[in-house]
Amino acid sequence: MKHPIRSSRFPQPRVLACALASCLAFAAAPAAFAQGTAATVRGQVTTGSGPAASAEIVATNIATGLVRRVQSNANGTYSLAGLPPGTYRVDVSGDGATSSKTVVLQVGQVATLNVPLESAAPDVASMDTVTVTADALVETKTSEIATYITQKQIDAIPQTNRNFLAFADTVPGVVFSQNSDGTTKLRGGGQNSNGVNVYIDGVGQKNYVLKGGITGQDGSRGNPFPQSAIAEYKVITQNYKAEYDQLSSAAITALTKSGSNEWHGDAFFDYTDQDWRATRPAEAAGAGKVDTQDKQYGASIGGPLIKDKLFIFASYEYKNIITPAEVTPGENVPISALPPEAQDLVGATSTPFEEDLYFAKLTWTPDDKNLFELTGRYRVEDDVQGNTGVNTTPFASAKHQEETRGDLRWQYTSGDWLNDAHLTFEDSVYEPRPAQLSGYGIRLLDYTVDQGNGRSVLNYGAGPNYQRKGQKGWGLQDDVTYSGFTWAGNHTIKAGFKYKEIDINALEQQPYSPQFFYDVYGDLSTPTRVEFGVPVPGTNPNVVTTSKQFGIYVQDDWEVNAKLTLNLGIRWDYEKVPSYLDFQPRPELAAALRNWANLNNADYDIEDYIGNGSNRKAFKDAFQPRLGFSYDLFEDQRHVIFGGAGRSYDRNLFDYLALERSKGSYPSYRFNFNSPEHPCDTTQATCLEWNPAYYNPANLAPLVAANPSLGGEINLMNNDLKTPYSDQFSLGMRNTVTLFGIDWNTSATLSHVLSHDGILFTLGNRWPGGNFHQNPNWTWGGQPWGQPIPGFGTLIIADNGIETRTNSVLLSLEKPYTEDSGWGVTASYTYTDAKENRLNAAINDEHYLFDVANLDNQPFYRSVGIPRHRLVLTGIVDGPWDVTYSAKATFASPTTKDATNCYDAPSDNYCFFDPYIPEGTFGTKQIDIAATKYWHVDDRISLRFRADVLNLFNTYNWNDYDNWRGGPGNANANFGQRNGFGITTPTRTFKLSVGASF
């Protein structure tokens with residue numbers, strides 16, 4: 001049956017052949033730098049008489065036959081860089097002696113392998129017959145705060161969906177969260193998700209337009225990449241090296257699977273529905289369970305086209321979800337107070353989602369010096385979203401996303417030199433539309449708690465959300481590594497550059513349909529106001545520009561001696577966005593702003609926001625030192641002290657920068673309707689007598705036809721915007737301890753991160769005396785909403801200003817899984833003391849502030865939504881009868897919630913932000929388990945059956961609380977109490993998976 005949200009107005013998904021052919025033929029895709037997917041093995045070759053100079057070190061990939069070779073220098077040290085992660089046989093020969101060892105190298109790893117030469121020749125089997133028993137090298141001599149996610153963990157650990165980023169949740173300082181509507185978010189430390197970047201095969205997936213950090217993750221239930229195509233990945237929370245760009249918190253560098261000298265394939269099917277889960281609280285309070293479904297399936301295949309030379313890998317995954325949701329009236333308004341037509345829209349409901357993911361990769365190794373890779377990826381998803389909280393299903397958005405990426409890579413190695421080049425292409429489209437395109441929206445408000453604007457109770461009818469945004473272009477990046485410099489130790493020097501030209505666009509028509517507002521306790525036949533949008537003649541609301549990005553860096557990993565390693569790097573980034581730099585307001589607007597008497601004594605200079613086409617300059621100060629060290633106390637890699645300090649710049653989202661053009665081209669208008677209950681000033685042009693004819697949009701447009709600017713919101717950016725960044729400091733220690741004959745890897749780190757210059761939008765209106773509050777002595781309330789720009793509407797101005805401060809303790813304990821032992825466990829604990837000067841900035845990217853003029857002299861509050869304590873445990877064990885058991889347990893302390901206090905205040909006209917932690921709650925608790933049974937049909941074919949139980953103990957992790965402390969002289973007796981049925985985790989859910997591999 002055709003999915004209900006895939007309709008003719010959205011492009012249908014292309015077939016696999018078409019999608020991959022177009023990607024691969026184009027031979028180009030998005031980019032960043034070749035961020036650390038390749039591994040490096042280094043060390044010292046010795047004989048009984050000392051260091052072995054000019055020894056030959058040969059690393060041979062067991063799966064593909066790829067060979068890399070290098071000679072040791074005068075002190076016996078060597079470095080083999082640019083190795084695709086995998087299992088290698090390392091053969092060393094010199095002075096008539098030889099040695100051989102088989103090791104496993106992980107993504108982005110810099111591993112140490114010291115080789116003592118032996119006189120006896122090793123037993124070297126052919127690549128066709130070798131039985132691999134490999135040691136996984138552990139990277140300890142690094143300043144990076146990094147954790148590896150292995151293929152075994154991806155295959156075994158329980159998860160609610162097939163988003164490969166979910167396993168980063170097991171890393172201290174990183175949180176992967178899934179909201180009640182199924183959307184996911186990845187963030188690091190006390191910063192929001194925008195600061196994250198993900199590098200797949202060395203190519204950054206940064207979203208230049210929207211939130212979420214990477215493309216396709218802004219409010220999406222989809223997966224950014226087929227999990228079946230991910231081999232492993234590395235999570236770096238701090239102290240990343242200078243090659244990493246466009247991020248300010250966590251970096252994830254992932255390696256995709258490749259074909260090998262044997263054909264391998266896999267297929268899977270996952271399923272669960274409403275009959276396999278416990279009842280949600282909203283369903284228990286209503287008419288029972290709503291239909292839900294989570295169905296995912298896919299397949300992958302890889303193998304040789306030419307043995308030892310040319311390989312192919314391809315995968316496909318499909319996802320079909322129907323997620324339960326709850327519509328709950330706001331402000332504790334009883335359902336009986338709603339209009340009859342709205343009452344049936346409240347309660348449990350569901351939202352559909354559908355996604356297709358395609359990936360293909362060609363790998364060619366013509367000789368020992370060259371490696372070529374050509375990859376292509378296509379993603380398409382359709383979603384109905386937003387019918388939760390106070391938004392009903394008709395008011396929701398139908399969202400379509402598409403993404404195409406490709407990468408042509410050439411790696412060349414010769415002795416101590418390595419060059420890694422990428423030519424990339426990307427095309428990403430984001431298109432939300434109102435689920436109900438015709439008619440108008442109805443917004444019910446409660447004016448008892450906010451007599452000016454009211455507070456949302458319920459929204460239904462046609463929604464306001466109409467957008468088309470995206471990025472498309474090409475990039476070139478190149479990284480050169482030299483490991484032959486031996487002054488005062490051994491140096492691995494890496495330098496590189498990136499250049500990108502990306503066409504970015506933002507079309508936003510808000511509100512697309514007229515929105516009529518009503519007093520839920522008043523006269524429902526007469527709205528209190530209307531908000532609507534009309535294009536300004538002669539303007540284009542679709543903001544399009546070409547972003548030109550350039551970055552350069554140099555990094556020196558300096559092994560001073562056997563104990564001390566220094567990581568010294570610096571990078572510089574530059575971006576030119578013409579639509580922001582060249583912006584000039586219309587002459588009539590500029591004149592109105594300069595002649596606006598209300599700003600004569602204002603606390604800001606309006607000239608700082610009026611562009612003239614030449615007074616805005618691209619930010620050129622993005623210099624980023626990255627310094628780190630590690631000290632191996634006993635030269636055995638078992639006790640290592642490490643630390644670092646560095647700066648990292650992210651970028652300003654184009655979605656924000658485009659507002660001064662899009663709002664001026666498609667302004668939103670607000671007209672109040674005069675009534676006894678809600679009178680307005682009839683001398684103002686924006687105060688009207690109600691007429692039912694206004695329900696027809698054709699009768700609203702003439703209200704502004706004579707003066708399209710009247711009442712239209714104006715957005716202006718500061719002429720000297722800076723790029724947001726973070727300063728990071730850390731000090732820690734890694735230890736490998738042996739208990740009961742088992743090695744355990746531990747790490748303890750103290751972290752301090754300061755983020756600066758996040759964009760903040762504030763109200764630019766002022767009262768006639770230039771003051772922000774009606775009474776200059778007030779510090780809250782009395783905002784000048786009714787003081788618009790003469791001839792125009794409200795002014796919103798944007799500046800740098802949002803900051804966060806985070807102190808953390810990061811602890812981890814790991815016994816890695818091995819086939820020999822048959823078990824593995826991890827434990828990660830994070831203590832976080834996070835503060836922000838704009839509440840909700842970290843967890844929800846809140847970047848608007850209208851209660852005060854700006855953030856000057858505002859205190860830092862404990863960050864909303866970030867737990868003080870968080871513990872994540874995982875375990876994998878191989879049981880009898882070819883059954884593998886696994887579990888994941890997540891515990892977190894209660895998080896701070898936003899609240900406004902107008903009750904406990906020194907005067908009637910003073911309110912303040914007063915966050916709180918709900919009492920009597922544990923916080924978050926979820927325990928998931930899984931069991932997988934394998935049947936080996938023969939030596940080549942195996943079947944598997946897997947059962948997952950998510951939220952084993954059916955814990956309700958509540959989300960809806962009454963955050964209103966009360967008004968002057970009227971405390972809210974329900975403050976801090978649960979006031980809805982929303983939960984942040986699924987109810988107990990059984991999920992079945994079947995699969996086959998060969």
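User: Hey, is S260 buried or exposed?

Analyst: S260 counts as buried, because its relative accessibility is 14%. Buried means under 20% relative accessible area, exposed means over 50%, and partly exposed is in between (1.4 Å probe, protein chains only).

User: What kind of model is this?

Analyst: This is a predicted model: local features need pLDDT of at least 70, side-chain atom pairs count only at pLDDT 80 or more, and totals for chains, interfaces and linings use all residues. Residues are numbered from 1 along each chain as its sequence is written, and side-chain values use heavy atoms, with hydrogens and water left out.

User: Back to S260. Where does S260 lie?

Analyst: S260 sits in the loop between β17 (251-256) and β18 (264-273). Strands (E, at least two residues) and helices (H or I, at least four) are DSSP runs, numbered from the N terminus.

User: And what is S260 in contact with?

Analyst: Leaving aside neighbours within four places in sequence, S260 is in contact with A63, T64, G303, P304 and F311. Contact means heavy atoms within 4.5 Å.

User: New topic. How many salt bridges does the structure hold?

Analyst: There are 46 salt bridges in the structure. A salt bridge is a side-chain nitrogen of Lys or Arg within 4 Å of a carboxyl oxygen of Asp or Glu.

User: Which residue does K206 form a salt bridge with?

Analyst: K206 pairs with D650. Their closest N and O atoms are 3.1 Å apart.

User: Where are those two in the chain?

Analyst: K206 is in the loop between β15 and β16 (230-238), and D650 is in the loop between β34 and α7 (654-657). So the pair ties together parts that are 444 residues apart in sequence.

User: Is K206 buried or exposed?

Analyst: K206 counts as buried, because its relative accessibility is 2%. D650 counts as buried too, at 11%.

User: What about E426 and K500? How do their side chains meet?

Analyst: They meet in a salt bridge (2.7 Å, N to O). E426 is in strand β24 (residues 417-434) and K500 is in strand β28, 74 residues apart, so the pair links distant parts of the chain. E426 is buried, and K500 is buried as well.

User: Which residues do salt bridges that share partners join into one network?

Analyst: E355, R377, R379, E381, E403, R405, E426 and K500 are joined into one network.

User: Next, the cis peptide bond. Which residues does it join?

Analyst: Q510 and P511, with omega about -5°. P511 is in the loop between β28 (490-508) and β29 (515-519).

User: What is phi for D201?

Analyst: D201 has a positive phi of about 55°, although it is not a glycine. D201 is in the loop between β14 (197-200) and β15 (203-204). D201 counts as buried, at 5% relative accessibility.

User: And phi of Q637, what is that near?

Analyst: Phi of Q637 is near 65°, a positive value in a residue other than glycine. Q637 is in the loop between β33 (622-632) and β34 (639-649).

User: Last one. Which residues gather in the patch of negative charge?

Analyst: E819, D820, D878 and D882 gather there, on the surface. Patches are made of residues with over 30% relative accessible area and no salt bridge; like charges are joined within 9 Å, and nonpolar side chains (Val, Leu, Ile, Met, Phe, Trp, Tyr) within 5 Å. D882 is partly exposed, with a relative accessible area of 42%.

Note on methods: Accessible areas come from the Shrake-Rupley method with a 1.4 Å probe; for residues, only the protein chains shown count as cover. Lys and Arg count as positive and Asp and Glu as negative; His and the chain ends are not counted. The place of a charge is taken as NZ of Lys, CZ of Arg, CG of Asp or CD of Glu.
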